[in-house]
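Welcome, and please open the model in your viewer. We will go from one selection to the next and look at what is there.

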Amino acid sequence: KEDIETYSSAAELYGLDSVDDESECKGVSYVEFLVPRGTTEKIAEFYDCVFDATTSCFTDPSSNDDVAIVAFGSIANGRSSQNMLFRESDTELPPYDGHHVALYVGESKEDFEQAFKNILEAQVLWVNPRFSDKVTNLNTAKKWNQFRFKHITDLKTGKKIFELEHECRSVEHDSWPGK
């Protein structure tokens, strides 16, 4: 019961769906990552520039931590169906352990292709050697309907801010939940 109340408070605070809402089996509403101090604005800028994602930065009044919210999925009535939260922390972050997120990019194959070009321009395209989808150019991204990257960077300096593998899928991907 305490966990549900804690989630409900967070959901209400961040404008996410209630725990009482029926699931559409489209994934989690949000995931939160701890990031180094002074990085949320640059993280928001990265997602805004690369994916044209809706982003917001604010200071959490309960902790005084700066938080970036990156919205993905459908957006209706000022709410998105999925969010990534990046919360600044003084906690020593553990080394990256290989976890990843999968997200669907845009509303069309053109949106997907533009995001791929932006990833190339940011110089963060990554091939995960564990998988057969060896995407190194736009043609292979279109063939697999996905691409990967794992470094969120400061777009002005190229410096790595945070490491998280992203499996970025086109709305034409076989697993797209909107089909």
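Which residues have the most contacts inside the largest nonpolar core? Select Phe46, Tyr47, Phe51, Met84, Phe86 and Phe147 in this predicted model. They hold that place in a core of 32 residues. Now colour α2 (40-51), which supplies the largest share of the core, six residues. Other elements that each give at least two residues include β1 (30-35), β3 (66-76), β4 (79-88) and α3 (109-122).

Next, stop at phenylalanine 86 and show what surrounds it. Beyond its neighbours within four places in sequence, phenylalanine 86 is in contact with Phe33, Val35, Tyr47, Val70, Ile152 and Phe162, among others.

Now move to the open sheet of three strands, ordered β5-β7-β6 with mixed pairing.

Zoom in on β6 and β7: they run antiparallel and are joined by seven bridges. Here you can find phenylalanine 149 opposite histidine 166 in β7.

Then bring the helices back. α2 packs on the sheet and touches β5, β6 and β7, with its direction at about 150 degrees to that of β6. α3 also packs on the sheet, touching β6 and β7, and its direction makes about 45 degrees with that of β6.

Finally, zoom out to the whole protein: it has four helices and seven strands, and buried residues make up 37% of its 179 residues.

Key. Residues are numbered from 1 along each chain as its sequence is written. This is a predicted model: local features need pLDDT of at least 70, side-chain atom pairs count only at pLDDT 80 or more; totals for chains, interfaces and linings use all residues. Side-chain values use heavy atoms; hydrogens and water are left out. Buried means under 20% relative accessible area, exposed over 50%, partly exposed in between (1.4 Å probe, protein chains only). A nonpolar core is a set of buried Ala, Val, Leu, Ile, Met, Phe, Trp, Tyr and Cys residues joined through side-chain atoms within 4.5 Å. Contact means heavy atoms within 4.5 Å. Two strands pair if DSSP finds at least two bridges between them. Axes are lines fitted to C-alpha atoms, for helices over the stretch in contact, and angles run from 0 to 180 degrees between N-to-C directions.
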